[in-house]
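Good morning, colleagues. Please have the sequence and the model open while I speak, and I shall go through several local features in turn.

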Amino acid sequence: MKLGKLALTVSATAVVLSSLLTAPPALAQVKEQFFPVLVYRTGAYAANGSQWANGYVDYLKLVNARGGINGVKISFEECETAYATDRGVECYERLKGKNGGATVFQPLSTGVTFALTEKAPADKIPLITAGYGRSESQNGAVFTWNFPLLGTYWVGAEVAIQHIAKKEGGVAKLKGKKIALVYHDSPYGKEPIPVLQELGKTYGFEVQLLPVAHPGVEQKATWLQIRQQKPDYVLLWGWGVMNSTALREAQATGYPRDKMMGIWWAGAEPDVKDVAEGAKGYSALTLQHGAEPNSKVVKDMLDLVYAKGQGTGPKNEVGQVLYMRGLLSAMLGVEGVRKAQERYGKGKVMSGEQVRWGLENLNLDQKTLDGMGFAGVMRPVQTSCLDHMGSSWVRVHTWNGSKWEFSSDWYQADEKVLRPMVMLASGKYAEEKKLKPRTPDECKL
């Protein structure tokens, strides 16, 4: 290397290190860690979105009740998106610079995630998309600000086929089968298609694609096709009212619910409670957790938050599936801040850039999780600069007519199947956007 280039490289590295190690001046005036909260408590998906939002906000309150993040209290502000991408972007723009700057955004929408993926790097704010978003964003070398922690839709699709194969007696039994995908006609619903088609080619099963228009209350034509084509299994990639509608239509057309399996956004109490016995036997994947009313973190929530009259939503929903999803999502963001403080200063407010480092270096082992009240709720998660997902463990739970019960052992997604797809898709994205993927050495900076 020529000396001039070497000098430039050293200088650039020094600038990078300086920016990482020094908090922005604005943060010096801020005493609270600001968490913007994108929610949808209105619109077609309100019943589901509200439970997630309640769990998310309640966990931030619980952290404050426990003394904050090494003494740093959390402030937060909700912004209503109604699950609309344009409103989600508006909320992002409105909140990103408030109170010293946003810690992290969690869009709770794959459409909003797509829209923010190019904004976050410029603003230096990480995006946590636990169980949703762009599946190829697992590759942190390319998607340097996206964190699809705990799993992606590609993970869900691969595990769904694993589970079906186990029920059938092995992958060889999949040959000649028909598997229908009833999906929300949006970026969210389309995410599993590449994996299902790839596995269909590998194992010899047919994939039938049945899109359902937003919000999903009209599905009669879809279920007429299912009655005519008689798929062996139906995978449901729905959200909100679409899920309960699908279960009612399955009941009306006589399609067996025990041949239906939903993604983790189609496996919560609002999806089945009104269908009740009519949904009995229906299964769904879980993002590790299910309904967890007996977990220690829920007991702490009731003692430290709800007993003081500070709960966000109905007490009887605390511990339900989507409440726990929001709670876990908030926990991951908080632990990103806690990890960042280990490097940049305990008891200090962290910038978005520092929190990104924390999220890239998460190491929540079982002892740590158990101590936080998550025993039996989730398994360890460990991220790196190049792996922004950190864990791909999934269980299946089944509705017994009145509650969800776990009905499988743990599955782990097959990296031999998914990793090449992640690298190919992320590589194409980098090429299209003219991005230079980070190297392992650059990750050490």
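I begin with a definition: axes are lines fitted to C-alpha atoms, for helices over the stretch in contact, and angles run from 0 to 180 degrees between N-to-C directions. Helices (H or I, at least four residues) and strands (E, at least two) are DSSP runs, numbered from the N terminus. This is a predicted model, in which local features need pLDDT of at least 70 and side-chain atom pairs count only at pLDDT 80 or more, while totals for chains, interfaces and linings use all residues. Residues are numbered from 1 along each chain as its sequence is written, and side-chain values use heavy atoms, with hydrogens and water left out.

Let me turn to the helix pairs. The axes of helix H9 (residues 193-203) and helix H17 (residues 415-432) come within 11 Å, crossing at roughly 130°. Angles under 35 degrees count as roughly parallel, over 145 as roughly antiparallel, 65 to 115 as roughly perpendicular and the rest as oblique. H9 and H17 are therefore oblique to each other. Their crossing is right-handed; a crossing is left-handed if the near helix is turned anticlockwise from the far one by less than a right angle, and right-handed if clockwise. Contact here means heavy atoms within 4.5 Å. On the H9 side, Pro 194, Val 195, Glu 198 and Leu 199 meet Val 417, Leu 418 and Met 421 of H17. These contact residues divide into 6 nonpolar, no polar and 1 charged. In this scheme Ala, Val, Leu, Ile, Met, Phe, Trp, Tyr, Cys and Pro count as nonpolar, Asp, Glu, Lys and Arg as charged, and the others, Gly among them, as polar.

The second pair is helix H3 (residues 46-65) with helix H14 (residues 321-344), whose axes come within 6 Å and cross at roughly 40°. That angle makes H3 oblique to H14. The crossing of H3 and H14 is right-handed. Among the residues making this contact are Trp 52, Tyr 56 and Tyr 59 of H3, together with Leu 322, Tyr 323 and Met 331 of H14. The contact of H3 with H14 divides into 11 nonpolar, 6 polar and 2 charged residues.

Next, the disulfide. Which cysteines form a disulfide? They are Cys 79 and Cys 91, with sulfur atoms 2.1 Å apart; the criterion is a pair of cysteine sulfur atoms within 2.5 Å. By this rule the count comes to 1 disulfide. The pair links distant parts of the chain, 12 residues apart, with Cys 79 in strand S2 (residues 73-80) and Cys 91 in helix H4 (residues 85-95). The torsion about the S-S bond is about -75°, so the disulfide is left-handed.

I now come to accessibility. Buried means under 20% relative accessible area, exposed over 50%, and partly exposed in between (1.4 Å probe, protein chains only). Cys 79, at 3% relative accessibility, counts as buried, and so does Cys 91, at 1%. Helix H15 (residues 352-360) is mostly covered, with 9 of its 9 residues buried. Its buried residues include Glu 353, Arg 356 and Glu 360.

Ala 102 lies in the loop between H4 and helix H5 (110-116) and is buried, with a relative accessible area of 4%. Not counting residues up to four places away in sequence, Ala 102 touches Phe 34, Pro 36, Leu 95, Lys 96, Ile 125 and Gly 352. The C-alpha atoms of Ala 102 and Phe 34 are separated by 5.6 Å, although the residues are 68 apart along the chain.

Is Glu 277 buried or exposed? At 53% relative accessibility, Glu 277 counts as exposed. Glu 277 lies in the loop between helix H12 (269-272) and strand S9 (283-286). Its C-alpha atom is separated by 4.5 Å from that of Gly 401, 124 residues apart along the chain.

Finally, the backbone. Most residues other than glycine have a negative phi, and most peptide bonds are trans. Tyr 83, which is not a glycine, has a positive phi of about 65°. The place of Tyr 83 is in the loop between S2 and H4, and Tyr 83 is buried, with a relative accessible area of 15%. Lys 434 has a positive phi near 55°, and at 75% relative accessibility Lys 434 counts as exposed. A cis peptide bond joins His 214 and Pro 215, with omega about 0°. Pro 215 lies in the loop between strand S6 (206-212) and helix H10 (220-229).
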